[in-house]
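Welcome, and thanks for taking a look at this one with us. Please have the sequence and the model open side by side as you read.

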Amino acid sequence: MHKFMDVLKRFNIEPNDVSLFEHAFSHSSFVNENRGNHVDYERIEFIGDGVLDLVVADLIFKIHTNMDQGLMSKLRSSLVRKESLASYARKLGLGEAILLGHGEKLNGGSNLDKILEDVFESFIGAIYLDQGFEVVYRIIKDIFTYDIEHFSVEEVTDYKSRLQEYVQADTRENVVYRVVKESGSSQNKLFIVEVLLDGNVWGVGSGKNKKKAEQNAAKDALSKVAR
């Protein structure tokens, strides 16, 4: 039995068309090595991406009744970006069910953010196509509601853009971000980043990925120039 069936059991999904879920978990490398009726997840990922955007937007709109459009857009973007969807996929154990080619398996494809993001979206697409909108809405709601309710404005603030705007008000120079330390395992990385202007360090930040560390470095720099 395919491992994706274990995923469906955890969601209490009795599939009407098992092949939809097989396609949703099939990476192109697997399809290339297994000719026949196999199809990769790209088409189903497309519909899943659209369904996910709609439902997350609807949940944000209903939960945060006084939030303005700009902040709603930032919150949705933070929830459906690659790193976030890959994190949800790991929590749900989707990586274990991905059908990969031999080479992609050796490269650790089941734990790569890009593949996990794609499979999360294709899984959502398969649920929508097989079970209908009400079921997929319920599942997305179960996955995202806590993070929508407990979001921090800080999490959706683009400190890098704010710092660049601050700098370019006085100069045409661009700030530069430099990774100064990387530690931890592939599943638990820690990056330390410096932000520099004209070779001078303006701020330092850390995070579980480079983007987060850069944002924290920019935040640190802004806190210093605002004093």
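Does E83 count as buried or exposed, and at what relative accessibility? At 15% relative accessibility, E83 counts as buried, where buried means under 20% relative accessible area, exposed means over 50%, and partly exposed lies in between (1.4 Å probe, protein chains only). Please keep in mind that this is a predicted model, in which local features need pLDDT of at least 70 and side-chain atom pairs count only at pLDDT 80 or more, while totals for chains, interfaces and linings use all residues. Residues are numbered from 1 along each chain as its sequence is written, and side-chain values use heavy atoms, with hydrogens and water left out.

**The chain as a whole**

- The protein chain has eleven helices and three strands; helices (H or I, at least four residues) and strands (E, at least two) are DSSP runs, numbered from the N terminus.
- Read from the N terminus, the order of elements is α-α-α-α-α-α-α-α-α-α-β-β-β-α.
- Along the principal axes, the C-alpha atoms fill a box of roughly 60 × 45 × 30 Å.
- Among the 227 residues of the protein chain, 44% count as buried.
- Of the contacts (heavy atoms within 4.5 Å) with a separation of 6 or more, 54% come from residues 24 or more positions apart.

**Salt bridges around E83**

- The whole structure contains nine salt bridges, each defined as a side-chain nitrogen of Lys or Arg within 4 Å of a carboxyl oxygen of Asp or Glu.
- R81 and E83 pair through their side chains at 3.6 Å, N to O.
- E83 also forms a salt bridge with K211, with the closest N and O atoms 3.6 Å apart.
- Because E83 lies in helix α6 (residues 82-92) and K211 in helix α11 (residues 210-225), this pair ties together parts that are 128 residues apart in sequence.
- R81 counts as partly exposed at 36% relative accessibility, and K211 counts as exposed at 54%.

**A further salt bridge**

- E182 and K189 form a salt bridge whose closest N and O atoms are 2.9 Å apart.
- E182 is partly exposed at 45% relative accessibility, and K189 is partly exposed at 26%.

**Helix α4 and its partners**

- Helix α4 (residues 42-63) packs with helix α9 (residues 133-149) at an angle of about 55 degrees, with their axes 9 Å apart; axes are lines fitted to C-alpha atoms, for helices over the stretch in contact, and angles run from 0 to 180 degrees between N-to-C directions.
- That makes α4 oblique to α9, since angles under 35 degrees count as roughly parallel, over 145 as roughly antiparallel, 65 to 115 as roughly perpendicular and the rest as oblique.
- The α4 and α9 crossing is right-handed, meaning that the near helix is turned clockwise from the far one by less than a right angle.
- Residues of α4 including V51, L52 and V55 meet residues of α9 including F133, V136 and Y137.
- The axes of α4 and helix α5 (residues 69-80) come within 10 Å and cross at roughly 130 degrees.
- That makes α4 oblique to α5 as well, and the crossing of α4 and α5 is right-handed.
- In this second pairing, L52, D53, V56, A57, I60 and F61 in α4 meet M72, L75, R76, L79 and V80 in α5.
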